[in-house]
Amino acid sequence: MGDPAEEEVGAFLAGDEAAVAAVYRRWSALVLALARRALGDEREAEDVAQQVFLAAWAGRHRYRADRGVLAAWLVGIARHVIADALAERARRADLVTAAGSLPAAGLPHAGASPGPEQALDRMLVVLELRRLPPVQSEVLGLAFYRGLTQAEIAELTGLPLGTVKSHTRRGLRTLRALLEPPAP
């Protein structure tokens, strides 16, 4: 008769759903402790732990016993999920900062009372605009937040009209790529 832990891992890797519960019982405390220590938030740590085991289940075909024990593999997944959670936390903080730095008059439809979804969309666009080259960001900002035509932007900036049009087109293409959700 083999080692029960090895049999449990084998069943997990073979896709036995009952083995998922056993693997979770055995290593969830470790994963949860890592997440708590890194994140400092109980709910977020629980979410991360759940994501780790979901990722492990979905990616179980990538586990290689010759590279290390299952616990080490789970810790590696946890490190990646924790890093993603910290990056998301930083992104949310950047959105809040960006929202605070937006002048009310510079927002489209400033007289209207935007809902939370529209405010979040605007903040995302502002953040992505800041990633564009400065001249493209300026041209798009003047067009969308001040409502200027391309001819008015050319006059205001001193750029040729064709250059303003090119910057607008390239900037919009880049923004589309930055804002579109990744394909599954």
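This is a predicted model: local features need pLDDT of at least 70, side-chain atom pairs count only at pLDDT 80 or more; totals for chains, interfaces and linings use all residues.
Buried means under 20% relative accessible area, exposed means over 50%, and partly exposed covers what lies in between.

**The whole chain**

Begin with the entire chain in a cartoon view. Eight helices and zero strands are present, and the pattern along the sequence reads α-α-α-α-α-α-α-α. Of the 184 residues in the chain, 31% are buried. Among contacts with a separation of 6 or more, 55% join residues 24 or more positions apart. If a surface is displayed, the accessible area of the chain is about 11800 Å², and carbon and sulfur atoms account for 57% of that area.

**First stop: Arg-89 and Glu-44**

Select Arg-89 and Glu-44 and show their side chains. The two form a salt bridge, with 2.5 Å between the closest N and O atoms. This pair links distant parts of the chain: Arg-89 lies in helix α4 (residues 70-101) and Glu-44 in helix α3 (residues 42-58), 45 residues apart.

Side chains of opposite charge can pair when their charged atoms come close. How many salt bridges does the structure hold? There are four, and two others are visited next.

**Second stop: Glu-8 and Arg-26**

Select Glu-8 together with Arg-26. Their side chains meet in a salt bridge at 2.8 Å, taken from N to O. This pair also links distant parts of the chain, with Glu-8 in helix α1 (residues 4-13) and Arg-26 in helix α2 (residues 17-39), 18 residues apart. Is Glu-8 buried or exposed? Its relative accessibility is 16%, so Glu-8 counts as buried. Arg-26 has a relative accessible area of 42% and is therefore partly exposed.

Move to Glu-128 and Arg-131, which form a salt bridge with their closest N and O atoms 2.9 Å apart. Glu-128 is buried, with a relative accessible area of 12%. Arg-131, by contrast, is exposed, and its relative accessible area is 57%.

Now select Trp-27, Val-48, Leu-70, Trp-73 and Leu-74. These are the residues with the most contacts inside the largest nonpolar core, which has 25 residues. Which elements give two or more residues to this core? They are α1, α2, α3 and α4. The largest share, nine residues, comes from α4.

Beyond residues up to four places away in sequence, Leu-74 touches Val-23, Trp-27, Val-31, Val-52, Phe-53 and Ala-56.

Return to helix α3, where Glu-46 has its place. With a relative accessibility of 41%, Glu-46 is partly exposed. A distance can be drawn from here to Leu-32: the two C-alpha atoms are separated by 6.5 Å, although the residues are 14 apart along the chain.

Select Val-125, Leu-129, Phe-144, Tyr-145 and Leu-175. These residues lie nearest the centre of the largest pocket, whose lining comprises eleven residues. The volume of this pocket is about 180 Å³. Two or more lining residues come from each of α5 (116-129), α6 (134-145) and α8. Which element supplies the largest share of the lining? It is α6, with four residues.

Select Ile-153 in helix α7 (residues 150-157). Why does Ile-153 count as buried? The reason is its relative accessibility of 0%. Apart from neighbours within four places in sequence, Ile-153 is in contact with Val-139, Leu-142, Ala-143, Leu-148, Gly-158 and Val-164. A C-alpha to C-alpha distance drawn from Ile-153 to Glu-138 gives 9.3 Å, for residues 15 apart in sequence.

**Last stop: His-167**

End with His-167, which is found in helix α8 (residues 161-179). Its relative accessible area is 12%, so His-167 is buried. Setting aside residues up to four places away in sequence, His-167 touches Val-135, Gln-136, Val-139 and Leu-159.

Note on methods. Residues are numbered from 1 along each chain as its sequence is written. Side-chain values use heavy atoms; hydrogens and water are left out. Buried means under 20% relative accessible area, exposed over 50%, partly exposed in between (1.4 Å probe, protein chains only). Contact means heavy atoms within 4.5 Å. Accessible areas come from the Shrake-Rupley method with a 1.4 Å probe; for residues, only the protein chains shown count as cover. A nonpolar core is a set of buried Ala, Val, Leu, Ile, Met, Phe, Trp, Tyr and Cys residues joined through side-chain atoms within 4.5 Å. On a 1 Å grid over the protein atoms alone, a cavity is a set of points where a 1.4 Å probe fits but cannot get out, and a pocket is an open set with protein on both sides within 12 Å along at least five of seven lines; lining residues have an atom within 4 Å of a point. Grid points are joined across faces, edges and corners, and a volume is the space filled by probe spheres set on the points.
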